[in-house]
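Welcome, and please have a look at the model below.

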Amino acid sequence: MTRQRVVLVSHVGYDAYHHDDGSPFFPPDEFDVTLLARPRDIARVTPGQVGRRIPVDIHPTGELAGSLPELIGDSGFDWVVATQERLLLPAASLRETLGVGGMGTEHTLLLRDKTAMKRHFSAHGIRVPEFMEISEPAQAADLLDTFGRIVIKPVLGSSSMDVHIVRDRSELKTLQQQGFAGADRYEAEEFIAGRQFHIDSVVSDGVPVATSVSQYLDSHEAFPLDGQVRSHTLDDGPDLDVLLEFNRAVLAAITWFSGVTHLEVFLDDGGTPVFCELGGRPGGAGIDTTFRYRHGISLLYASILPQIGRTVPDRGKQAPADQPATGWSMIYPPRLGRFRGFEASPRADWLLQLTAPYRPGELVREPRQAKDAIAVASVRGKDAREVVDRLARVKSELVVSITPE
């Protein structure tokens, strides 16, 4: 049997690409994997897991340094796989260079570029915020005057990094004086007053085959020490029905897409859904863990299958009827210093997962983006209220050991 040759550009360790029973997503007898990953992740790959390992500089923000064609050389490949937001465009470009199947840059841009996606979905009848692309904050003055409050963020940004909510001309002037944090393109858009949700789906040709709808409980504007960002699935009711229908309408505008989507959406003060952005990849934090519990499907695996020419799974083991609700929390460090571990943590059968993104001995950074957490917890419960209570218990019982520098 001829093995298929896969380029896997990864921002996580190779151990993540395994099923719950330990079997690999890429069985060695079917796939010859060339892994491009950070040196620390390359070092943890055991012999025989992949055919070739190439260290690559993937910045903490997800930026990829270096040219993928130069890194992999002239060897023939069948597929290119990437699942992290900032790696999707480099992977799409590599597919075009190699002439292999999978999504190219034209379609990938509609799931990455915040202005391109708003134009696309607006043209398909989806309500989006008023927006404009800008090269400096002052260019958003008229938009600010019109709406009284706006959001300014990178067009290709992720993880809520470098997002600014501007409430008046003085704040806009201050931002103008500070300048943007990076060389990325920026957009300004109408601020939508209301509640924010994320809708995570496994998708086949623009049709959702498994979906979870969740509400955020905390702001994405800042990530203070000892703070958190939480989310919980919605109980049955009118909000859930409205958001499921909106998700179907959004996905109907990308009938060429199969894989996994992470849709950010608002319900405004009148209860009308408003598009925020759509990613063609799994959401972060505890989303994969909670989705797998609810639907029996790994979002990471489901996002990979169409990239290697296979269909997405349409069902799995469903959550128990008496414990269908889930939620997660990204808990930010109580202080800065050197991470040592957890001195105490909760023990309960409803705790689906508790992970520490930091390794012992690593220096704890000031949180600048959503994923800069000291711990990520995922829980289950009978309804949203119980889930929120259990997330509070996790935070109260978790004791983090950080030594000052």
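This is a predicted model: local features need pLDDT of at least 70, side-chain atom pairs count only at pLDDT 80 or more; totals for chains, interfaces and linings use all residues.

Residues are numbered from 1 along each chain as its sequence is written, and side-chain values use heavy atoms, with hydrogens and water left out.

**Cavities**

Rolling a probe the size of a water molecule over the atoms shows where empty space is left. Here a cavity is a set of points, on a 1 Å grid over the protein atoms alone, where a 1.4 Å probe fits but cannot get out; lining residues have an atom within 4 Å of a point. Grid points are joined across faces, edges and corners, and a volume is the space filled by probe spheres set on the points. The structure has 2 cavities of 30 Å³ or more.

| Cavity | Volume | Lining by class |
|---|---|---|
| Largest | about 70 Å³ | 3 nonpolar, 8 polar, 1 charged |

Around the largest cavity you will find, among others, His198, Asp200, Ser212, Thr233, Phe291 and Trp328. At least two lining residues come from each of β11 (194-204), β12 (207-216), β13 (228-233), α9 (287-295) and β16 (325-331). Helices (H or I, at least four residues) and strands (E, at least two) are DSSP runs, numbered from the N terminus.

The lining of the second largest cavity includes Glu85, Arg112, Lys114, His262, Glu277 and Arg281. Both α5 (114-123) and β15 (273-279) supply at least two of its residues, and β15 gives the most, with 3 residues.

**A sheet and its helix**

Now to an open sheet: 4 strands in the order β7-β10-β8-β9, with antiparallel pairing. Two strands pair if DSSP finds at least two bridges between them. At the edges are β7 (131-134) and β9 (164-166), each pairing on one side only. Neighbouring strands are turned by 25° against each other on average, direction ignored.

Strand β7 pairs with β10 (residues 186-190) in the antiparallel sense over 4 bridges. Glutamate 133 stands opposite glutamate 187 in β10.

Helix α7 (residues 169-178) lies across β8 (150-154) and β9, running at about 140° to β9. Contact means heavy atoms within 4.5 Å; axes are lines fitted to C-alpha atoms, for helices over the stretch in contact, and angles run from 0 to 180 degrees between N-to-C directions.

How values were computed:
On a 1 Å grid over the protein atoms alone, a cavity is a set of points where a 1.4 Å probe fits but cannot get out, and a pocket is an open set with protein on both sides within 12 Å along at least five of seven lines; lining residues have an atom within 4 Å of a point. Ala, Val, Leu, Ile, Met, Phe, Trp, Tyr, Cys and Pro count as nonpolar, Asp, Glu, Lys and Arg as charged, and the others, Gly among them, as polar.
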